[in-house]
Amino acid sequence: MKSIADIRMRGFLKRTPVKTLLKLIKEHSQLLSSEEILTVEASGRVLAEEIISPVNVPNFERSAMDGYAIDAESTFGATSYNPLMFRVVGQITPGQTFDAEVQSGEALSIMTGGPLPKGTNAVLIAENAELVCNQIQVLDAVSPGKHVGQIGEDIKKNQSLLKSGRTLRPQDIGVLSSIGLKNVKVIRKPEVELLITGNELLKPGEQAGGVKIIDSNSVMLSPLIKRDGGLLTDVHHLPDERDLLQQHLSESTADLICVTGGTSVGIEDYGPILLDELGELLVHGIPMRPAAPTGFGLIPGKPAGAAKKVFLLPGNPVSCLSAYDYFVGRSLRLMGGRSADWPYRTKLVKLATKISSQIGRTEYVRLRIENERAYFIAAGGASILSTTTQADAFMLTDEESEGFAEGDEVLVWLYDE
């Protein structure tokens with residue numbers, strides 16, 4: 001039988017380096033399978049296949065201007081001294097066709113997007129034509145193909161449009177629609193379940209009182225999961241009961257489970273114990289402040305061979321935020337086919353104050369940016385969530401670093417998009 005005390009203390013006696021945890025996350029966050037969805041709903045999704053156009057766009061010659069469709073050769077020789085007269089034989093608008101063939105000396109009034117009729121190969125723009133009764137006067141020759149959108153001008157048949165792995169933008173799905181693609185294959189969104197533990201917690205929206213506090217972690221993590229391409233399927237607020245947590249961990253069908261709270265070495269911290277019993281506790285305890293009690297492991301899932309990724313996140317909200325952002329978000333992005341890198345803008349700024357760091361530990365430092373200089377707000381304060389709202393940016397110190405001096409230029413990540 002495993003020793004409960006040994007399991008919970010193991011990671012804190014010899015903490016797993018942050019870089020090792022990142023490698024484990026990369027190793028176990030395999031790309032998910034694909035699914036077919038409606039093209040109109042695919043913006044922001046990751047493409048699972050290369051898109052080859054089955055058609056030309058446009059598939060007919062069309063007018064690029066409002067004017068008159070004519071045979072260009074019949075205008076040759078026209079000058080202001082020798083104007084040529086063309087009889088207007090009708091009008092065509094987008095979506096219509098003109099069944100008769102336009103003869104030499106004839107012109108057809110046409111609007112932008114209208115298909116060129118037989119017998120024409122150019123468009124004389126309306127500003128250069130003078131309409132007299134049912135005739136136009138042409139004062140200058142028009143070259144063949146002038147103001148004509150050619151077949152395949154936008155997209156050619158068999159052209160490669162988009163590569164697999166692309167995150168689709170609104171204009172991308174517009175292009176997919178233009179080639180008649182009703183459905184598209186995309187990488188399935190990782191399904192996420194949140195298990196928010198703690199006897200002291202009230203659900204969001206309830207009123208705090210006595211020795212109870214309101215859960216902020218689920219509210220904070222929900223939009224972050226969405227940002228990272230995850231699909232939050234369930235949020236469960238659980239008391240610190242071993243059997244209840246075990247049941248949820250065992251029965252969950254999510255690709256990834258986040259347990260907040262109960263991840264350290266206290267008497268009611270069941271997360272590490274259960275992860276070790278139900279599967280494999282790969283990491284428990286990292287040299288990072290805040291977020292030291294972070295854990296990561298795997299639980300066998302369905303189908304056979306699949307494994308549910310389980311992250312143990314500290315209950316203190318700043319620890320929870322930094323651990324999610326550094327580790328969980330990375331796993332979700334990898335599973336969903338996105339870049340593992342943070343979706344934050346980076347910036348080089350000079351420090352207005354020195355920042356100390358303990359060798360062997362990563363510090364999650366919150367900063368205020370003012371006049372292109374960074375001011376230290378906090379590195380510790382695991383429960384003081386307001387330090388992140390006061391901050392414009394954050395930075396991470398390296399485990400080998402003793403810190404930075406005032407005036408040093410450092411790379412920071414900006415919270416705002």
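**Entry 1: β13 and β16**

I looked up how β13 and β16 run, and found them parallel, joined by seven bridges. This is a predicted model, so I read every value here as computed from the prediction.

I then traced the whole sheet. Six strands make up an open sheet in the order β16-β13-β17-β21-β20-β18, and the pairing is mixed. Which strands stand at the edges? They are β16 and β18 (280–284), and each pairs on one side only. Neighbouring strands here are turned by 20 degrees against each other on average, with direction ignored.

I also looked for a helix on this sheet. Helix α6 (residues 271–278) packs on it and touches β18, β20 and β21. The direction of α6 makes about 35 degrees with that of β20.

**Entry 2: the other six-strand sheet**

I moved to an open sheet with the strand order β7-β4-β6-β5-β9-β8. Six strands build it, with mixed pairing. β7 (122–125) and β8 (129–132) are the edge strands; each has a single partner strand, so one side of each has no neighbour in the sheet. Neighbouring strands in this sheet are turned by 40 degrees against each other on average, direction ignored.

I looked at one pair in detail. Strand β5 (residues 84–92) meets strand β9 (residues 135–138) in the antiparallel sense, over four bridges. Met85 has Gln137 of β9 as its bridge partner.

**Entry 3: Phe86**

I stayed in strand β5, where Phe86 is found. Is Phe86 buried or exposed? Its relative accessible area is 2%, so I noted Phe86 as buried; the cut-off for buried is under 20%.

I listed what Phe86 touches, leaving aside neighbours within four places in sequence. Its contacts are Ser74, Thr75, Gly105, Glu106, Ala107, Asn134, Gln135, Ile136 and Val138. I also took one distance from Phe86. Lys163 is 77 residues away in sequence and 49 Å away in space, C-alpha to C-alpha.

**Entry 4: the nonpolar core**

I asked for the largest nonpolar core. It has 43 residues. Met288, Phe311, Leu313 and Phe327 have the most contacts inside it. Elements giving two or more residues to this core include α2 (18–28), β13 (191–197), β17 (256–260), β20 (295–300) and β21 (307–313). Which element gives the largest share? Helix α7 does, with ten residues.

**Entry 5: Ser331**

I went on to Ser331, which sits in helix α7. Its relative accessibility is 0%, so Ser331 counts as buried. I checked its side chain for polar partners. A polar contact of 2.7 Å joins it to the side chain of Ser29. Ser331 also touches Ile25, Leu256, Lys309 and Phe311, with residues up to four places away in sequence not counted.

**Entry 6: salt bridges**

I counted salt bridges next. The structure holds 16. I looked closely at several of them.

Arg333 and Asp228 meet through their side chains at 2.8 Å, N to O. Arg333 lies in helix α7 (residues 317–335) and Asp228 in the loop between α4 (217–227) and β16 (231–238), so this pair ties together parts 105 residues apart in sequence. Both Arg333 and Asp228 are buried.

Arg289 forms a salt bridge with Glu363, and the closest N and O atoms are 2.8 Å apart. Arg289 is in strand β19 (residues 288–289) and Glu363 in strand β24 (residues 362–370), so the pair links parts that are 74 residues apart in sequence. How do the accessibilities of the two partners read? Arg289 is partly exposed, at 32% relative accessibility. Glu363 is buried, at 1%.

Glu363 also has a salt bridge to Arg361, at 2.9 Å, N to O. I then looked for salt bridges that share partners. They join Arg227, Asp228, Asp325 and Arg333 into one network.

Technical notes:
Residues numbered from 1 in each chain as written. Predicted model: local features only at pLDDT ≥ 70, side-chain atom pairs only at ≥ 80, totals over all residues. Heavy atoms only, no water. Pairing = 2+ DSSP bridges. Axes fitted to C-alpha atoms, helices over the stretch in contact; angles between N-to-C directions. Salt bridge = Lys/Arg side-chain N within 4 Å of Asp/Glu carboxyl O. Buried < 20%, exposed > 50% of the residue type's maximum accessible area, 1.4 Å probe, protein only. Core = buried A, V, L, I, M, F, W, Y, C linked by side-chain atoms within 4.5 Å. Polar contact = N/O pair within 3.5 Å; in protein donor to acceptor, adjacent residues only side chain to side chain. Contact = heavy atoms within 4.5 Å.
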